Structures are given as structure tokens and as C-alpha cells.
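The sequence and the structure are shown first, and the description follows.

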Amino acid sequence: MALNNPRIIVVDENQDITHIVRAALDLMGRKPRLIETHTGEDALDEMHLRTPDLLITSQKVGSSMTGVMLALQAKREVAALPVIVVAAEDDHEMDDETLSDSPFEYLHRPLVPEMFIRALRVALDGPESMPVEAVPADMLGPVPQIDVDRLRAICSKLMRDVSAMSVILADRNGKVLTYDGAAGYIDRELMAAALGPTFAGVSKLLSIIGDQPRVLKYYDGDKFDIFSLAVGLHHFISLVFDGTAGNRALGNVKSFGGVAVNEMLNVIGEPAFKLQPMAAPEPAKAAEHKGRGKRRTTQEVAALKGVPAAKKPEPEPPAEIIPQAEAIPNFDPNIFDQLDSLDLSQADALFAPERMAAVAGPVGNGNRIGINDAREQGIIGSIDE
């Protein structure tokens with residue numbers, strides 16, 4: 001059964017994740033009760049007061065523990081508690097070998113909205129709410145790095161040219177990169193999270209509208225009017241006006257906005273319209289984890305479990321096959337028990353030159369075999385051989 005009013009503990013000293021969680025749940029139609037904490041210790045204290053429906057923590061929680069350590073501790077205390085760890089962009093990536101058996105979900109920013117919403121839905125409603133086949137792929141690849149400082153100046157000039165209340169630059173994953181003006185009057189993180197997927201979806205229309213589209217979206221509201229323009233395929237800017245402005249600002253937005261977008265595209269360069277699709281996970285591999293909880297772990301998990309994250313040894317080459325001797329008929333192994341009683345003092349005399357000469361001497365009646373006869377009988381080889 002879906003939880004419409006889930007109780008969620010969010011651990012993040014910068015409160016960035018809180019805005020993302022609230023925006024995502026709002027898109028899902030949920031009314032969450034968010035308990036904001038800044039350290040892992042505070043989160044555990046809140047858990048002891050009342051078990052939440054979900055724990056979401058950043059990897060850096062401003063305390064003696066990391067998000068992964070907090071997740072493991074929380075799972076030890078409440079095994080059924082869903083936990084999501086959100087790593088920052090500068091946190092190192094985890095290798096695939098250590099991302100296989102984790103009891104929690106590990107996500108790395110920048111977050112893909114569809115993937116984050118799916119993680120929330122699975123955590124709150126269970127794995128059956130999202131079949132494995134429905135896992136979306138990031139069809140656009142990673143968001144390219146841009147020079148935010150140079151783009152900020154262009155955004156601020158555009159805001160003044162069109163007399164907007166504020167301007168916001170964000171990426172298609174819903175991350176606010178910079179803003180200017182009276183942006184504090186609106187929930188800019190919620191707006192960016194809501195508009196990001198709509199601009200990300202433009203890539204599906206490229207075969208129809210062309211490879212480098214110019215997109216303008218207009219939202220006419222009672223409180224505010226919003227004009228949003230795409231900056232390539234990965235970023236967009238939003239201009240916020242008073243709700244009484246109506247479509248009077250449309251002409252200025254199209255005129256000045258088009259010029260500003262072109263300037264920003266020149267700054268970003270080729271990556272603005274570049275796609276680097278990432279393949280979706282194979283259903284067969286994902287199905288192996290179904291019913292086992294989350295599919296993520298980290299190197300820290302391996303260390304806490306005492307499992308070294310070492311490489312698998314390379315297989316040794318097959319040993320050379322040595323032919324086996326035939327069994328000796330009627331062999332009596334008890335003869336080896338008599339070795340201790342043998343007198344080996346005369347063993348060296350067997351190989352004395354005088355004894356060997358005597359052995360090599362006349363045989364039987366004194367007849368000797370010639371070298372030619374020995375060759376003919378195959379006892380020795382010929383000189384050519």
C-alpha cells in the first residue's frame with residue numbers, strides 16, 4: 001500500500017537534499033513529514049524516538065561517521081528500514097564489485113530525476129511497485145561541465161533587459177546552478193526539479209524537430225508567470241515575473257532571450273547538444289537481486305564486513321599431462337618395509353670402474369657381438385642417426 005504521508009528522516013548539513021526530496025515527493029503527489037537532521041548521531045536519536053518510513057542521508061554528514069556508516073548502523077537497528085545514501089559530485093565513485101550486496105540504495109549526484117523518483121517509490125512502496133523492466137536508462141548521459149561564472153553574467157543581464165523578478169539557471173537533472181534577483185520568493189529547487197524532466201524529454205523529439213532545437217515554455221499563473229528557455233539539451237534558464245504580467249513579456253523574452261541563449265551556447269560550446277547515452281541495466285542481471293533489498297554497497301561496507309576488496313586471482317595455466325606408467329603385476333608394497341634392514345655399505349662398489357669393466361666383459365661362452373651386428377639388431381643407432 002502506498003504511503004501518502006511518509007515520515008522521512010533527512011540527514012544533510014547543507015539541506016540541499018531536503019529540497020530535492022520535497023520536490024520529488026510533491027511530483028509523486030505525496031505529503032511527507034520530513035525530519036531534518038545534520039549529523040548521523042542526531043538521526044539515530046530520532047530513530048530511537050520513532051521508527052521512520054525512510055532514511056535519506058548524504059555521504060558527508062558533518063560528524064564522525066559517513067552516510068554509509070550511518071546506513072549500516074541504521075540497518076543493524078531496524079533491518080526493514082529503507083535507506084538511501086546520496087553522494088555528492090566530488091565523492092568518489094564506487095566500483096561494481098562493491099555495489100552488489102548492499103542493504104541500502106547508493107546514488108551519486110547529479111541525480112537523474114526519473115531514477116531518484118524510482119528509488120523513492122521502491123523504498124516507500126516496495127520493489128513490486130516498480131518492475132525491473134521499468135528501470136529507465138539515462139538516455140542523455142552525464143550533464144557536461146560548464147563555466148557557471150561566465151553564464152551568470154549573461155543571465156543577470158537578461159533579467160534586467162526583460163524586467164523579470166528573478167532568473168534561475170538549472171540543469172536537466174533539476175539542480176540549480178545559479179540565480180539572481182528575488183529568487184527567494186519562490187521555491188527554486190522545486191521549480192527546477194519540476195521543469196528539468198520536461199527539458200530532458202526534448203531529446204526524444206530530435207528526430208522530428210532537428211538536432212539543435214530552441215525551446216521556450218510559458219507558464220501563466222495567478223501568483224507568478226514563468227518563461228523557461230532551453231540552453232542546449234542539458235540546461236535551461238527560467239525568468240520569473242509577477243502574475244499580472246501575462247503574455248506582455250512574451251515579446252521581450254523571445255527577443256532578448258534568444259540573444260542570451262546564443263551567447264550561452266557559445267560559452268558552453270559543442271557539449272551543449274552532445275549526447276552520451278548510457279545503456280540500461282540488463283533485466284536478467286537486475287532480476288537476480290529482486291527480493292534481496294537494495295543493490296548497492298561501497299568499499300566502506302566491505303571494510304566493515306572484513307572482506308578485502310581484492311582482485312580475483314587469474315586462473316593458472318593447465319599443468320602438463322605426464323603419462324602414467326603401467327602397473328607392475330603382482331607388486332608387493334611390503335618390500336619397502338625391508339629398506340631399513342638393507343646393507344648399503346657396498347652400494348658404491350657396484351659402480352667402481354673395475355666392477356663395471358667386469359660386467360662389460362665376455363658374456364656367456366665368451367662370444368662377442370660386433371658393432372655391425374649391434375646396429376643390425378637395433379641395439380645401437382647408426383652414425384647417420
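## A helix across the strands

Across which strands does helix α8 lie? The model is a predicted one. In it, helix α8, formed by residues 250-268, lies across β6, β8, β9 and β10. Its course makes an angle of about 35 degrees with β9.

## The open sheet

Five strands form an open sheet in the order β7-β6-β10-β9-β8, and their pairing is antiparallel. At the edges are β7 (176-181) and β8 (216-220), each of which pairs on one side only. On average, neighbouring strands of this sheet are turned by 15 degrees against each other, direction ignored.

Within the sheet, β6 (residues 166-171) and β10 (residues 235-242) are joined in the antiparallel sense over 6 bridges. In one of these pairings, L169 has I237 of β10 as its bridge partner. Helix α6 also packs on the sheet, where it touches β6, β7, β8, β9 (224-231) and β10. The direction of α6 makes about 130 degrees with that of β10.

## Helix α1

Helix α1 comprises 12 residues, 16-27. At 1.5 Å a residue the helix should span 16 Å, and this agrees with the 17 Å that separates its end C-alpha atoms. After α1 comes G29, which has a positive phi, near 80 degrees.

The buried residues of α1 include I17, T18, V21, A23, A24 and L25. The partners against which the buried residues of α1 pack are the strands β1 (7-11), β2 (33-37), β3 (54-58) and β4 (83-87), together with the helices α4 (113-125) and α6 (188-200).

How values were computed. Residues are numbered from 1 along each chain as its sequence is written. This is a predicted model: local features need pLDDT of at least 70, side-chain atom pairs count only at pLDDT 80 or more; totals for chains, interfaces and linings use all residues. Side-chain values use heavy atoms; hydrogens and water are left out. Helices (H or I, at least four residues) and strands (E, at least two) are DSSP runs, numbered from the N terminus. The expected span of a helix is 1.5 Å times one less than its number of residues. Buried means under 20% relative accessible area, exposed over 50%, partly exposed in between (1.4 Å probe, protein chains only). Contact means heavy atoms within 4.5 Å. Two strands pair if DSSP finds at least two bridges between them. Axes are lines fitted to C-alpha atoms, for helices over the stretch in contact, and angles run from 0 to 180 degrees between N-to-C directions.
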